[in-house]
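Here is a short briefing on a single protein model.

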Amino acid sequence: MISNRRFVLLAGLSALAACSRQDSKFRTYRGPEVTRVIVNKGEREMFLLHHNRLLERYKVDLGFAPQGHKQFEGDGRTPEGEYHIDRRNPNSSFHLSLGISYPNEADIAYAKALGKSPGGDIFIHGEPNALAFLSPDWTAGCISVKNREMEDVYAMVRDGTPITITA
């Protein structure tokens, strides 16, 4: 039989352990594998899918000039097309981030033909770590969700996961 003092100590330690997990930006996910990410720019929505089954849906902010496919560095557009998640940054200036494989060969060739840079460093990320007033579509071309949502996305989506970004 556990004494009252030992019970209180164990209960307190359990509560502290639960709090520390909730305070961490690193979540654990044990559900179905995310097999595809789909971003619908027009509806400002992102979907995490396990094959044809919807796992999660998020509202998103996009680049400051969201209409059309990203073509050049600094155009403020979010790319459109087929890419994949190619890296993760746990120390992002935007809480957490998952890299998108933009630019692909076609993006590079198009920009090069016009003597411009296609840009790069397109991510799914959270909100800025520094305090800032955010209006809709505030990024430089990235896809942004709320920080708590990004913690879930970061835990659920693995490197190599395909991402489709549509108009």
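Buried residues account for 38% of the 167 residues in the protein. The model is predicted. The protein has 3 helices and 8 strands.

**Overall make-up**

- Along the sequence, the elements follow the pattern α-β-β-β-β-β-α-β-β-α-β.
- Contacts between residues at least 6 apart in sequence were counted, and 59% of them join residues at least 24 apart.
- The protein has an accessible surface of about 9800 Å². Carbon and sulfur atoms hold 55% of that surface.

**The sheet**

- The 8 strands form an open sheet with mixed pairing.
- The strand order is β3-β2-β1-β8-β4-β5-β6-β7.
- β3 and β7 (143-144) are the edge strands, and each pairs on one side only.
- Strand β4 covers residues 81-89 and pairs with β5 in the antiparallel sense. This pairing runs over 4 bridges.
- Which residue in β5 is the bridge partner of arginine 87? That partner is glycine 99.
- Helix α3 (residues 147-156) packs on the sheet. The strands that α3 touches are β2, β3, β4, β5 and β6. The direction of α3 makes about 145° with that of β3.

**A cis peptide bond**

- Tyrosine 102 and proline 103 are joined by a cis peptide bond. Its omega is about 0°.
- Where does proline 103 lie? Proline 103 sits in the loop between β5 (97-100) and α2 (105-113).

- Histidine 51 has a phi near 55°, a positive value in a residue other than glycine.
- The loop between β2 (45-50) and β3 (53-59) holds histidine 51.
- Is histidine 51 buried or exposed? Histidine 51 counts as exposed because its relative accessible area is 53%, and the cut-off for exposed is over 50%.
- Aspartate 121 also belongs under this heading: phi is near 50°, a positive value in a residue other than glycine.
- Aspartate 121 is placed in the loop between α2 and β6 (122-125).
- With a relative accessible area of 55%, aspartate 121 is exposed.

**Points to keep in view**

- For the fold, keep the open sheet of 8 strands and the packing of α3 on that sheet.
- For the backbone, check the cis bond at tyrosine 102 and proline 103, the positive phi of histidine 51 and the positive phi of aspartate 121.

Notes:
Residues are numbered from 1 along each chain as its sequence is written. This is a predicted model: local features need pLDDT of at least 70, side-chain atom pairs count only at pLDDT 80 or more; totals for chains, interfaces and linings use all residues. Side-chain values use heavy atoms; hydrogens and water are left out. Helices (H or I, at least four residues) and strands (E, at least two) are DSSP runs, numbered from the N terminus. Buried means under 20% relative accessible area, exposed over 50%, partly exposed in between (1.4 Å probe, protein chains only). Contact means heavy atoms within 4.5 Å. Accessible areas come from the Shrake-Rupley method with a 1.4 Å probe; for residues, only the protein chains shown count as cover. Two strands pair if DSSP finds at least two bridges between them. Axes are lines fitted to C-alpha atoms, for helices over the stretch in contact, and angles run from 0 to 180 degrees between N-to-C directions.
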